[in-house]
Amino acid sequence: MSSKIQPPLGPNSDSPIPESPIPNKLLTALRVIVFLQCIGVAGRYWFAEFEIESDIYGLLFFEWSWPETIAQRIDDIGAIGCLVAGIVVLVPTLRLGWDRIRQLQRVAAGFVAAWMFSIAIAHMFRGGVFAELSLGEHVVRYAAPMALVILLSVKKSTEPVRLWVTLLILKMATAATFAVHGYKALKIHGPFADLVLLTDLNGANFGIGQATVEQILWIIGIVDLIVAVLILFPRMRAVAIYMVFWGMLTAASRMTALGVPAYPETLIRSANWGCPLILAIAYQFSYKTSSDTLHK
Amino acid sequence: MNLSHCIFKSLWRSTAVLSVLYVILNCSPLFAAMTLKGTQPAHCRVTWTDDPATTATVSWSTRDAGSKHTLRFRIKGAAGDENAQADEGNVIEGTAMAESGRYTGGQAEFYYHHVRLTDLKPSTQYEVQMHSDGDHSPWFYFETGPDHDRPFSLINGGDSRTGHKDRLRVNEMIATMVSDSFANDDPSDDILAFAHGGDYIVKGSNVAQWLRWLSDHESTTGKDGRMLPIIPARGNHDRGKPFNQVFGFPDGDKNYYAVNIGPQVRFVTLNSEISAAGDQAKWIDSEMLASRAENRWLLAQYHRPIYPAVKAPSSALKVWAPLFEKHDVDLVCEADGHNVKRTVPIRNGKQDPTGVVYIGEGGLGVPQRTPKTDRWYLQSPGMADKAHHIFVLTFQEDQLIGKCVLLDGTVRDEFTRQVRSPVLVAN
């Protein structure tokens with residue numbers, strides 16, 4: 001007997017609650033988001049014109065005085081692992097060997113979550129600009145794969161709770177990331193200003209000056225903080241959609257400011273718009289969970 | 001126990017352990033407290049952020065707030081002992097009140113004191129003694145910048161940060177080099193200042209780390225009491241208020257400025273930690289337009305490299321590189337990468353003999369990284385390596401000589417830059 005929950009009501013509360021593909025849509029969207037993020041990680045550390053090491057390398061080598069080669073190898077494992085994990089989670093599951101593949105995908109997503117969390121922690125320890133806010137700023141990057149781990153569980157009886165937990169995690173992660181970005185914008189974070197100024201120089205040519213960009217950042221900061229609070233309320237679909245749009249725009253600004261070679265920086269920020277996208281999808285439709293729905 | 005439960009549990013435990021480590025590593029005022037006592041002046045230093053020929057900021061620290069902080073100063077060689085009256089005709093002596101405040105950040109209280117000396121005589125050695133309540137420092141001295149066209153040298157480096165043993169060794173090497181440079185008759189090797197490219201400590205808001213750096217920096221003072229003026233740049237680890245408090249910048253200062261060391265050398269310090277485009281770029285353009293025409297040598301220093309040996313370029317590449325090329329900057333000093341590098345001359349993103357050369361990238365103590373020598377701008381005649389080092393830049397009438405000196409005294413790299421501009425200014 002399939003487990004069912006009473007979901008938030010659809011537009012017409014008198015209509016029968018339809019079968020909904022939302023859990024599959026959620027799962028597919030999460031897979032793609034995590035995959036894109038992993039391509040960004042691999043791109044940053046392997047494929048980019050100026051490949052760089054992660055903060056984990058920096059922490060191990062500079063702060064903890066580990067041998068450089070060992071720190072480098074650990075970094076390599078993380079980058080390669082993310083690339084492989086991203087491909088693994090994207091592979092559509094087949095009925096044959098379903099449970100084993102899902103378990104493998106859970107491990108892969110768990111690896112990505114652990115690696116992104118470790119990068120955030122390492123960045124915090126290394127003490128750069130706004131480093132103490134790293135865990136909150138980057139939370140979407142490890143929340144998205146964490147959500148995938150939860151949703152990919154084979155335990156059918158816990159589907160309703162897992163879905164609820166997933167959405168809660170993504171909601172809080174989205175709020176935290178936007179809140180930190182909003183704070184940094186209010187503090188007129190130099191790189192944020194340069195994203196606007198360089199984008200203007202590279203094409204828009206509005207002639208934006210320092211004073212104007214600081215005003216723009218101030219407005220952006222206020223809006224980011226407001227939406228970070230609003231998204232915590234139930235079913236704020238319009239807010240989620242705005243956050244999808246804004247997350248995409250800011251991720252893309254890396255390329256508009258720094259050029260196409262900065263694509264890893266855009267992809268690594270996929271969860272910035274991806275997490276609110278999941279929320280928007282969930283809020284769009286009424287849904288129910290069943291043992292059949294999640295396993296299609 | 002399912003997988004997600006395991007993951008959550010592991011993450012929670014890891015976070016708890018790392019949090020404890022974080023607290024331990026970042027809250028350590030004990031060392032700083034041990035080096036400062038009461039109102040005994042310590043961490044004596046000189047900073048050049050304005051005209052080095054006639055101004056200097058002399059600073060020190062105390063453990064306690066005290067009530068009266070002054071600086072006694074006189075031209076070196078004034079007759080008599082420190083109790084003698086300034087009655088010789090050519091002796092300039094005075095006492096100046098300090099601007100004092102508390103270093104911001106951390107539980108412990110420590111205090112800074114700055115005296116901004118003005119109307120100094122160029123190319124003159126001034127003795128200084130710091131007084132805080134009933135305590136005073138030994139007499140130190142420093143030399144003001146020249147106002148005539150003379151050959152001289154400058155030390156450049158960055159990234160002191162972690163690696164205290166190596167940091168101290170580098171500082172002691174600097175003190176020895178400075179002392180030796182004045183012990184001969186060759187004026188071109190006289191080291192007049194120390195341009196620091198940033199990243200003095202790990203966490204800029206941690207006062208204890210700054211105080212330890214200041215203690216280590218005392219090792220650059222010669223045995224005869226000679227202090228080497230610093231020309232400081234801000235690094236990405238130098239965030240927060242203490243940077244301005246340590247070097248005497250006004251609160252909220254943007255930390256980009258330019259100084260003339262002699263009438264022919266313009267040294268421009270930029271801030272890669274704020275917006276590179278916008279106001280700073282405009283300032284660079286106007287500053288360098290004026291400076292290029294009037295100076296034989298035009299240099300720039302800042303922290304984050306735009307032609308890096310290991311990292312990705314900062315956003316300043318898009319804005320600053322064109323400006324440097326537009327104004328034919330002779331040499332750019334970078335840091336942050338923790339290795340040694342000298343690029344080929346670069347113009348329009350390609351090697352060009354008329355282009356700009358970038359050196360760096362921070363070897364004053366931080367562990368050194370293996371550079372990515374496959375980057376095009378590091379190919380011969382450029383170079384890259386990993387080693388603790390300083391650059392000694394010697395400014396002569398017709399050439400600028402740069403030497404990369406390692407901790408053991410080895411010259412790892414030597415290069416020259418020829419004069420671009422034929423401007424010669426009469427003395």
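Domain bounds, as used here, come from an automatic or database domain assignment. The model is predicted, and within it chain B is divided into domain 1, residues 33-83 + 90-143, and domain 2, residues 152-418. The C-alpha centres of domain 1 of chain B and domain 2 of chain B lie 25 Å apart.

The two domains of chain B touch through 30 residues from domain 1 and 32 residues from domain 2. On the domain 1 side of this contact, two or more residues each come from strand S1 (42-47), strand S2 (56-62), strand S6 (111-117) and strand S9 (140-143) of chain B. S1(B) gives the most to that side, with five residues. Sorted by class, the side of domain 1 of chain B that touches domain 2 of chain B has 14 nonpolar, 12 polar and four charged residues.

A further contact joins the chains: 31 residues of chain A meet 29 residues of chain B. On the chain A side, the elements that give two or more residues are helices: H2 (55-63), H4 (98-126), H6 (139-151), H8 (190-204), H9 (210-230) and H10 (237-258) of chain A. Of these, H8(A) supplies the largest share of the side that touches chain B, namely seven residues. By class, the side of chain A that touches chain B has 19 nonpolar, eight polar and four charged residues.

Technical notes:
Residues numbered from 1 in each chain as written. Chains lettered and ligands numbered in written order. Predicted model: local features only at pLDDT ≥ 70, side-chain atom pairs only at ≥ 80, totals over all residues. Contact = placed C-beta atoms within 7 Å. Helix = DSSP H or I, 4+ residues; strand = E, 2+ residues; numbered from the N terminus. Nonpolar A, V, L, I, M, F, W, Y, C, P; charged D, E, K, R; others polar.
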